[in-house]
Amino acid sequence: MVVSAAILFVAALGYMFFQARDAVYHEAMNRATQILDKTSLRVDSILNRVEVASDMTRWLVERHTNQADSMFVYSRSMLENNPDFYNCSVAFEPYYFEEKGRYFSAYTKHVGDSIRTIQGGSDSYQYFFADWYLMPKLLDRPCWTEPYFDYDVATNTSEMVTSYCQAIKDKRGKMIGVINTSLSINWLSNTISAVKPYPHSYSIMIGRGGTYFVHPDSTKITRQTIFTQTLEQPDTAMMALGYAMQRGESGMKLMHLDGKDNYVFYKPLGKTGCSMAIVCPESDIFRSFDRLQNTIMGIVAVGLLLMLYFFIRIITFELDPLRRLATEAETIASGQFDAELPDFQRVDEIGQLSHSFGNMQQSLVKYIDELKKTTAQKATIESDLRIASKIQLGMLPEKFPTRADRDDVQLFASLTPAKEVGGDLFDFYFRDEKLFFCIGDVSGKGVPASLFMAVTRSTFRTVSAHESMPDRIVTIMNKTIADMNKNHMFVTLFVGVLDLPTGRLHYCNAGHDAPLLVGAGVGELPCDSNIPVGFMPQWKFSLQEAQIFTGTTIFLFTDGLTEAMDANKVQFQMQRVNEVAARALENQQHEPRQLIEQMTEAVHQFVGDAEQSDDLTMMAIQYIRQQSDAKMQKSIVLPNDIQEVPQLNAFVEDVCQTVGFDEIETMKIKVAVEEAVVNVMKYAYPTGQHGDVNIEAAFNDTRLKFTIIDSGKPFDPTVQSAVDTSLSAKERKIGGLGIHIMRQNMDSINYERMNDLNVLTLRKKINKKS
Amino acid sequence: MKTTIQEQDGKMVAILVGSLDTAAAPETEKAMSPLNDVEGKDIIIDCTELEYISSAGLRIFLGILQNAQGKGGQVYIKGINENVRTIFAITGFCNIFKFM
């Protein structure tokens, strides 16, 4: 505001100055022109006076041409009447007055205060040849001479003069002499220069040829012309002025002389052919104006400074409380929240501000207190989160079977959570020569997802311990989870059970991405579009199955892979997953660990420095079992009567002896098969109904296999809970021993329901030594 | 399968001979049922000539043991062979029976 006021003020002032300067300029023009005119008039009047006086003298002289001595009177009276004339000569032709000899000139001149009249002309001064004498004689009319030096013999001094001369004629009109009246150039110059419009202005006068007659620098007078200087330094302005003055023009020019700007006013001087000019320095013209301007500027500057000073004083006074507030705020900001605020006792805005500030301080203290508590809580939570993360990762299997561990399957998996804890999960374990595995992705991220993931994973373990069919596992898991799911979370899940001896895969997909099969080419495993687990407890999930051939890798993943984003939010997408898998297959690098490492590298390259947006989980399972030819196959069919057990035992003993098992192993196999078959005999068929049990025995170099088949009701003995052998006699229950013995005595036990038949397979490795 | 029960030095002794498989279990259980009525005497099951046992047989053993312990008696296993001992080991029965 102050600044804009100042600007406005200065602008108005500037305009005023401009206008005033213009007025001063015009005023100066008028003044100079008037002075010039006046001077010019004065010079004209002097010249006129000379001419009139000369005419009158001539009239007298021509009346008395025979009286030589009268000439002295006429000449003398001329100067007596006109004291400002320099001299006057009345000169005659040679021998005009015979008594006076060859030379006669009545010459009168001022000497100090007196007037001296003498007879001029001598052999050394033959005036007939002077300009002033010749010019009227030759031109036959009166005329003004160019200035010249008039030499005074008596005083031996010379004076620059200009003369008016006219011829004296007799009654017949014959020229008999010349009257010459001179004016001192010096005097003329002083007369002209006497009037000065400005203290530093000066006058100049030039003759017809441009010679200076009047000039402040007396060394230039008659010695230089107005053009002399332009010979050394071309100056078009000076030349223009010179020509204009020579032509007898009048006017004004702005010129740069002696390093200053000057206004030059010029005008011709009547009949003399001379031209005079007044040179007025611009600084002189605008001196008073400049003085005024400087004074006003000074006053304005002082005024503005004063204004500034008072503004600052007022603002400082008004803002002082604010500054104190700011200082206190600084103290508070540095962490000293109990700093005391100044009490202003004011009711204006500053008082209100102070009041608000006090309130803010109180809130701040309260807030900081809460913040401290929250921070402490947050630290606890973060520490808890780290522990939770460890626990969560600890839940996942860490040891992955490779070719060195197993001859039927190898597996690898990786899980990279986007936050400390994530919602992805995978799990696998072996039971009864079956690989149970699952991969899942819980909706959302972070702690809620991780808790849901933990629930899902433990539910998977619990349910799959008693169920061998993925659809049943998922259906039960779904019901369990949905019943306790108050937060409407869900998990997409793929559960598979791979029968290791046969390569038969049973699976159930609950809204998860379809896995890839990487073997004979790369292709998706066909998946039903079931819903994810967790929101419709009654949903019946469908079962699917497929044959996995030796060498084929099942690649499972969560959408963290296909939806991995680079810095430009472009997704990795299924197409790239397929490409990486195809390349791996082409290079025969599709073993689980290799495949996952290549996929991980491809994703990292794609994502670059972008932040991981979602949990990323991958699991690869390669079926590597080489089927070997059976060396022997035997079978027996028994009715569902336990009295047939001895026959069974005899059959088993026979088989074992053929294979070459020792007594203890034979006994163990016998017990296991008996338990399995008795189970069928007792429970597969309704009491009293006849049914058959088919027992097949087959072995190759590595394994002996018993397959027990019946057409009774579906019954999976493998899902019975394990017996706790550490309990006391009192606590132990009668029952459950059979399945326990089967598991303990055989290497694997496997149940499948195929074509309305219960198929139970027991396998025993053949030790090469035996 | 043959089961003999006799009293010897104030203890009840059951002598089992043969294979105690599922088929033989009902008969053996019946033959050993008198042992459930024994009061205040220790029971010895002589397995010296027991060749084979399955879970059906083990259940009979467990029944006798639980019954005897309920009355404050003790059950000892005698002369068990390697085969049968293996099954006892697998099922944790060696932890609950006393051997002599």
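Predicted model: local features only at pLDDT ≥ 70, side-chain atom pairs only at ≥ 80, totals over all residues.
**View 1. Overview of chain A.** Chain A has 770 residues, of which 35% count as buried. Its secondary structure consists of 17 helices and 27 strands. Among contacts in chain A between residues at least 6 apart in sequence, 63% link residues at least 24 apart.

**View 2. Overview of chain B.** Chain B has 100 residues, and buried residues make up 41% of them. The chain contains four helices and five strands, which follow the pattern β-β-α-β-α-β-α-α-β along the sequence. Of the contacts in chain B between residues at least 6 apart in sequence, 73% join residues at least 24 apart.

**View 3. The contact between chain B and chain A.** Here 22 residues of chain B are in contact with 26 residues of chain A. On the side of chain B that touches chain A, helix 2 (55-70), helix 3 (82-91) and helix 4 (93-96) of chain B each supply at least two residues. The largest share, eight residues, comes from helix 2 of chain B. Sorted by class, this side of chain B has eight nonpolar, 11 polar and three charged residues.

**View 4. The five-stranded sheet of chain B.** This open sheet has the strand order 1-2-3-4-5 in chain B, and its pairing is mixed. Strand 1 (2-8) and strand 5 (98-99) of chain B are the edge strands, and each pairs on one side only. Within the sheet, strand 2 (residues 11-20) and strand 3 (residues 43-53) of chain B run parallel and are joined by eight bridges. In this pair, B:Val17 of chain B stands opposite B:Glu49 in strand 3 of chain B. Helix 1 (residues 25-32) of chain B packs on the sheet, where it touches strand 1 and strand 2 of chain B. The direction of helix 1 of chain B makes about 15 degrees with that of strand 1 of chain B.

**View 5. A five-stranded sheet in chain A.** The strands of this open sheet are in the order 14-15-16-17-20 of chain A, with antiparallel pairing. Strand 14 (424-431) and strand 20 (544-547) of chain A stand at the edges; each has a single partner strand, so one side of each is left without a neighbour in the sheet. From one strand to the next, the twist averages 15 degrees. Strand 15 (residues 434-442) and strand 16 (residues 491-499) of chain A run antiparallel, with nine bridges between them. A:Cys438 stands opposite A:Val495, a residue in strand 16 of chain A. Strands of a sheet pair through backbone hydrogen bonds, either parallel or antiparallel.

**View 6. Helix 13 of chain A and its surroundings.** Helix 13 of chain A covers residues 573-586. At 1.5 Å a residue its 14 residues should span 20 Å, and the end C-alpha atoms are 21 Å apart, which agrees. Buried residues of the helix are A:Val577, A:Val580, A:Ala581 and A:Ala584. Seen down the axis of helix 13 of chain A, the buried residues fall within an arc of 95 degrees, so they line one face of the helix. An α-helix has 3.6 residues a turn, so residues three or four places apart point the same way. On the other side of helix 13 of chain A, A:Gln575 and A:Glu586 are exposed. The buried residues of helix 13 pack against several elements of chain A: strand 18 (516-519), strand 19 (521-524), strand 21 (553-557), helix 12 (559-562) and helix 14 (592-607). After helix 13 of chain A comes A:Gln588, whose phi is positive, near 55 degrees.

**View 7. Helix 16 of chain A.** Helix 16 of chain A runs over residues 663-683. Its 21 residues should span 30 Å at 1.5 Å a residue; the end C-alpha atoms are 30 Å apart, which agrees. The helix is mostly covered, with 15 of its 21 residues buried.

**View 8. A:Leu241 and its contacts.** A:Leu241 lies in helix 6 of chain A, which covers residues 236-246. A:Leu241 counts as buried because it has 24 C-beta neighbours inside 10 Å, where the cut-off for a buried residue is 20 or more. Leaving out residues up to four places away in sequence, A:Leu241 touches A:Lys253, A:Met255, A:Val264 and A:Tyr266. A:Leu241 and A:Phe265 are 24 residues apart in sequence, and their C-alpha atoms are 9.9 Å apart in space.

Notes. Residues numbered from 1 in each chain as written. Chains lettered and ligands numbered in written order. Contact = placed C-beta atoms within 7 Å. Nonpolar A, V, L, I, M, F, W, Y, C, P; charged D, E, K, R; others polar. Expected span 1.5 Å × (residues − 1). Buried ≥ 20, exposed ≤ 12 C-beta atoms within 10 Å, placed from the backbone. Arc of directions from axis to C-beta. Pairing = 2+ DSSP bridges. Axes fitted to C-alpha atoms, helices over the stretch in contact; angles between N-to-C directions.
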